Amino acid sequence: MSDCLFCRIIRRDIPASIVYEDDRLLAFNDINPQAPTHVLIIPKQHIESLNALAPGEDAIVGEMVRRAAAIANTRGIAESGYRTVFNTNRDAGQTVFHVHLHLLGGRSLTWPPG
Ligand code: AMP
Ligand code: ZN
C-alpha cells in the first residue's frame, strides 16, 4: 500500500473535495485551483506517471479521459472548452508521483502553456 499523497486521499487519510468516485477512479477539486474548474482525475491504482504505464492499463487511461469529459459536461464547460493535462516529470512540473489528469476550464486558457 503506497503512502503517496493521492493514495492517502483515496484511503480518506487526507480530506479532499471529491466530485466523482467509482471502483477504479477518484476525482477531486485541486487544492490550488488554476481555473474556475480545476479537477484532478486519478486511478485508484498507484501508477507513478505516464512513463510507468503498462499496456494493461490502457483502459484506465481511457476511463480517466472520458470521466474528465463527463465532469466538464456537468460543470457546463463542455461547449465553451476545457484543457486536459498530464504533467510528467521535472520539465512539466510534476509534483505528485501518482498519475493524474488535470481538467481545467471556466476561463480562456492561453497557449502555449508556460
Ligand atoms: P502536478 O504538478 O501535475 O503533479 O499536480 C499536482 C496537483 O496536485 C497540483 O495542482 C496541486 O495543487 C494538487 N494538490 C496537491 N495536494 C493536494 C491536495 N491535498 N488536495 C488536492 N489537490 C492537491
Ligand atoms: Zn499513489
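**Figure 1. Helix 1 gives the largest share of the shell around ligand 1, three residues.** Helices (H or I, at least four residues) and strands (E, at least two) are DSSP runs numbered from the N terminus. The model is predicted, and local features need pLDDT of at least 70, side-chain atom pairs count only at pLDDT 80 or more, while totals for chains, interfaces and linings use all residues. Residues are numbered from 1 along each chain as its sequence is written, chains are lettered from A and ligands numbered from 1 in the order in which they are written, and side-chain values use heavy atoms, with hydrogens and water left out. Helix 1 (5-10) and strand 2 (25-29) each supply at least two residues of the shell. In total, 16 residues surround ligand 1, each with a heavy atom within 4 Å of the ligand. The closest are Asp-30, Asn-87, Thr-95, His-100 and His-102.

**Figure 2. Polar contacts of ligand 1 with Asp-30, Ile-31 and Val-96.** A polar contact here is a pair of N or O atoms within 3.5 Å. The side chain of Asp-30 places an N or O atom 2.5 Å from an oxygen atom of the ligand. A polar backbone atom of Ile-31 is 3.2 Å from a ligand nitrogen atom, and one of Val-96 is 3.1 Å from a ligand oxygen atom. Taken alone, ligand 1 exposes 510 Å², of which the protein buries 84% (Shrake-Rupley method, 1.4 Å probe).

**Figure 3. The largest pocket, where ligand 1 sits.** A pocket is an open set of points on a 1 Å grid over the protein atoms alone, where a 1.4 Å probe fits, with protein on both sides within 12 Å along at least five of seven lines; lining residues have an atom within 4 Å of a point. A molecule sits in a pocket if more than half of its atoms lie within 2 Å of the grid points. About 760 Å³ of space lies in the largest pocket, a volume filled by probe spheres set on the points. Its lining has 33 residues, with Asp-30, Gln-34, His-38, Asn-87 and His-102 nearest the centre. Helix 1 supplies the largest share of this lining, three residues.

**Figure 4. Backbone geometry at Arg-12 and Pro-112.** Most residues other than glycine have a negative phi, and most peptide bonds are trans. Arg-12, in the loop between helix 1 and strand 1 (18-21), has a positive phi of about 70 degrees. The peptide bond from Trp-111 to Pro-112 is cis, with omega near 0 degrees. Pro-112 belongs to the segment after strand 5.

Terms used:
Polar contact = N/O pair within 3.5 Å; in protein donor to acceptor, adjacent residues only side chain to side chain.
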